[in-house]
Amino acid sequence: MFFLNIVIPLLSVFFNPDIAKAIVAHTNLVDTASPYLLILGTVQDGGSPHIGCQRQCCKELFTQPDPRRKVVSLGLIDPQHNKRYLLEATPDLPAQMVMLMHTGDFVSARTPDGIFLTHAHIGHYSGLMYLGKEAMHADRVPVYVMPRMREFLQKNGPWSLLVSQHNVTLHSLTHQNAVQLTSNLRIIPFTVPHRDEFSETVGYLIEGPHKRALFIPDIDKWEKWETSIIEAIADVDYALIDGTFYDAAEINDRDISEIPHPFITESMALFEHLPIEEKQKLYFIHLNHTNPALDELSKQTEEILKRGFKVARMGDVVRL
């Protein structure tokens, strides 16, 4: 079950105060003694509104932005050990980092205790630029990366300057090898099939003292993965999975072979025969700007919920 643990003054930095109050009024406070995940963004790499988009889905957002529409990112917080981690470094990193670093009732450094990247597509690593000399000029922020991602950052500017100027310190990840973050938390990367032009693509299994969460924001198609997604879901308590497109109708101006994500309609069909308690684990995330599920009142969102699934929303909290 998802909860919200953001106080109204903090929410007001990102939301209209009336929206903030409405969100708090319809949620329960999370037990902050235990580790939890905080959803800091749910939108695909290019954001919403999307550059160059002239469709109805973006038209009004250029003049009236929705501050809840930020690119996919998760915060991972362990209050018992005063630790905060970030999954993905998005173009929305400045706002997301403020939200992460002010969540909970403990004081910590200005930067996360670690940043975990999934791959080298713009929405997932380009926010690292804000850690550089032109902006924060951060000091040795730990960044966890797979081998090809590490090489990409080390050998290509401007990212290489972050390494040479010690704004970040790269820590190596390997497929299915766990990283113990605290006595309460560990995180396990695993490779998934995706368009790996510059790096591998990974998902993460996040293990808390009580519950486990799966995070797969990008994958080509479920059948291309050597692991059964149904078995993976059975092994966790929550699954935040690729929901980039609702169906093919929304991308009729692009070659679908170039962006082979699983449609939400395909995923719902695949999971249709799961027991309701398994369906309730599933939260679609990484929604394209064209995806009608971004709208909480759309008929597509209604259909997802009616069939027993969920749509991740910014500010949601997952207890671990």
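Glutamine 180 has arginine 186 of strand S9 as its bridge partner. This pair belongs to a predicted model. Two bridges join strand S8 to strand S9, residues 186-191, and the two strands run antiparallel. Both strands are part of an open sheet of seven strands. The order across this sheet is S8-S9-S10-S11-S12-S13-S14, and the pairing is mixed. Strand S8 (179-180) and strand S14 (310-311) stand at the edges. Each has a single partner strand, so one side of each is left without a neighbour in the sheet.

Strand S3 (residues 73-78) pairs with S4 in the antiparallel sense, over five bridges. Leucine 76 has tyrosine 85 in S4 as its bridge partner. S3 and S4 form a hairpin, with four residues between them. In the turn, asparagine 82 has a positive phi of about 55°. S4 also pairs with strand S5 (residues 114-116), here in the parallel sense and over three bridges. Leucine 87 stands opposite phenylalanine 116 in S5. From S4, the chain crosses through helix H4 (residues 93-101) to S5. This β-α-β crossover is right-handed. Strand S4 itself spans residues 83-87, and four of its five residues are buried, so the strand is largely enclosed by the rest of the structure.

Helix H6 covers residues 147-155, and its buried residues are Met149, Phe152 and Leu153. Seen down the axis of H6, these buried residues fall within an arc of 95°, so they line one face of the helix. Beyond residues up to four places away in sequence, leucine 153 touches Leu117, Tyr125, Leu128, Val145, Trp159, Ser160, Val163 and Leu170.

In soluble globular proteins, nonpolar side chains tend to be buried together. The largest nonpolar core in this model has 31 residues. Those with the most contacts inside this core are Ile115, Leu117, Leu128 and Leu153. Strand S2 (36-41), H4, S6, H6, H7 and S7 are the elements that give two or more residues to this core. The largest share, five residues, comes from H4. A second, separate core has 29 residues, with Ile229, Tyr246, Leu282 and Val311 among them.

The cysteines were examined next. How many disulfides does the model contain? The count comes to zero, with a disulfide taken as a pair of cysteine sulfur atoms within 2.5 Å. For cysteine 53, the closest cysteine sulfur is that of cysteine 58, 3.2 Å away and therefore too far for a bond. For cysteine 57, the closest cysteine sulfur is also in cysteine 58, at 3.9 Å, and this too is too far for a bond. Is cysteine 53 buried or exposed? Its relative accessibility is 11%, so cysteine 53 counts as buried. Cysteine 57 has a relative accessibility of 27% and so counts as partly exposed.

Note on methods: Residues numbered from 1 in each chain as written. Predicted model: local features only at pLDDT ≥ 70, side-chain atom pairs only at ≥ 80, totals over all residues. Heavy atoms only, no water. Buried < 20%, exposed > 50% of the residue type's maximum accessible area, 1.4 Å probe, protein only. Arc of directions from axis to C-beta. Pairing = 2+ DSSP bridges. Right-handed = clockwise from strand over helix to strand, strands pointing away. Core = buried A, V, L, I, M, F, W, Y, C linked by side-chain atoms within 4.5 Å. Contact = heavy atoms within 4.5 Å.
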